[in-house]
Amino acid sequence: MSLVPYFSASSKVWDDKSWVFSLEEIGYRGWEVVADGACSFEQDENIREVAEIAGSTGLSLSVHAPYSDLNLASLNYPIWRESIRQALTCIDRAAELTDRVTVHPGYLSPVGKLLPDRTWALQKSALTEIGAFAADRGVQVFLENMGGLKEVLCRFPDEILGMIDGVRGVGFTLDVGHAHTVGKVREFLRVLPSANHLHIHDNHGTADQHLALGDGTISWDEVGKAVARDYRGIVVVEGRSLGEAEKSLSMFRRCFT
């Protein structure tokens, strides 16, 4: 499989979905649905609407599980269970639309910072349940490396690869923008052959800005060469607007193909 550009916009989860119909015209071949807000998979009507959009366009689908106010490493048991439940619900409903779902890792609460081994074990336990559930439904789950907030788990290559090691049904989404906020783009590119899914967006290395490609300080020539050499499959451009989608796709075509 060659590199296939998808687009995703978490900033638009509460917007009317009419913007999605422009993606194919711009040149994208897929839409990564952020299953939150007006696209929450908790509501049947949202599933139907997403399916209708895919059916009336040539867009393929992937899904990003909800993450607002959720924590797969929470020491608060009801919140931990609810975080898992929402991931499972998303996966179960996503199986009607796609075979791939990206999930965010959890984060350290103030108490969690005092018990890092416990939070690691809770995250691993959550992934074990989620991965087995997904595998039984023919869905691949990919854990995403996170950005510069030090409280968030899985910011570095060894950490995320260790988290998914031995967990059935769980792979790895490499987010280049997040890697840049921790100064580890080159380190993540070295483990690119282990990645199952790819997110790209730009920033200036200090915050997770989700800028259009070329509007930050990531070397897309370097990233593109590594991706073209070591990765095949879906590349999800994450942005905030259709204008940024178009600008990013132009940079993608220049650097990644």
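This is a predicted model: local features need pLDDT of at least 70, side-chain atom pairs count only at pLDDT 80 or more; totals for chains, interfaces and linings use all residues.
**View 1. Strand β3 runs parallel to β4.** Strand β3 covers residues 60-64 and is joined to β4 by 2 bridges. H64 has T102 of β4 as its bridge partner. Between the two strands the chain passes through helix α3 (residues 77-94). This β-α-β crossover is right-handed.

**View 2. Strand β5 also pairs with β4.** The two strands run parallel, with 4 bridges between β4 and β5 (residues 140-144). R100 has its bridge partner, Q140, in β5. Here the chain crosses through helix α4 (residues 116-135) on its way from β4 to β5. The β-α-β crossover is right-handed.

**View 3. F7 and W19 form an edge-to-face aromatic pair.** A search of the whole structure finds 7 aromatic pairs. In the pair of F7 and W19, the rings lie 6.2 Å apart, centre to centre, with 80° between the planes. F7 sits in strand β1 (residues 4-8) and W19 in the loop between β1 and α1 (21-26), so the pair ties together parts that are 12 residues apart in sequence. Are these two residues buried or exposed? F7 is buried, with a relative accessible area of 0%. W19 is buried too, with a relative accessible area of 10%.

**View 4. F7 and Y28 form a tilted aromatic pair.** The centres of the rings are 5.5 Å apart, and the angle between the planes is 50°. This pair links distant parts of the chain. F7 is in strand β1, while Y28 is in the loop between α1 and β2 (30-34), 21 residues apart. Y28 is buried, at 2% relative accessibility. Ring pairs join F7, W19, Y28 and W31 into a cluster.

**View 5. The largest cavity has a volume of about 80 Å³.** The count comes to 1 cavity of 30 Å³ or more. Which residues line the largest cavity? The lining consists of A9, K12, V13, D15, K17, W19, W31, E32, V33, V34, A38 and C39. Of these residues, 8 are nonpolar and 4 are charged, with no polar ones.

Terms used. Residues are numbered from 1 along each chain as its sequence is written. Side-chain values use heavy atoms; hydrogens and water are left out. Two strands pair if DSSP finds at least two bridges between them. A crossover is right-handed if, with the strands pointing away from the viewer, the path from the first strand over the helix to the second runs clockwise. On a 1 Å grid over the protein atoms alone, a cavity is a set of points where a 1.4 Å probe fits but cannot get out, and a pocket is an open set with protein on both sides within 12 Å along at least five of seven lines; lining residues have an atom within 4 Å of a point. Grid points are joined across faces, edges and corners, and a volume is the space filled by probe spheres set on the points. Ala, Val, Leu, Ile, Met, Phe, Trp, Tyr, Cys and Pro count as nonpolar, Asp, Glu, Lys and Arg as charged, and the others, Gly among them, as polar. Rings of Phe, Tyr and Trp (its six-membered ring) pair if their centres lie within 6.5 Å; planes under 30 degrees apart count as stacked, over 60 as edge-to-face and the rest as tilted. Buried means under 20% relative accessible area, exposed over 50%, partly exposed in between (1.4 Å probe, protein chains only).
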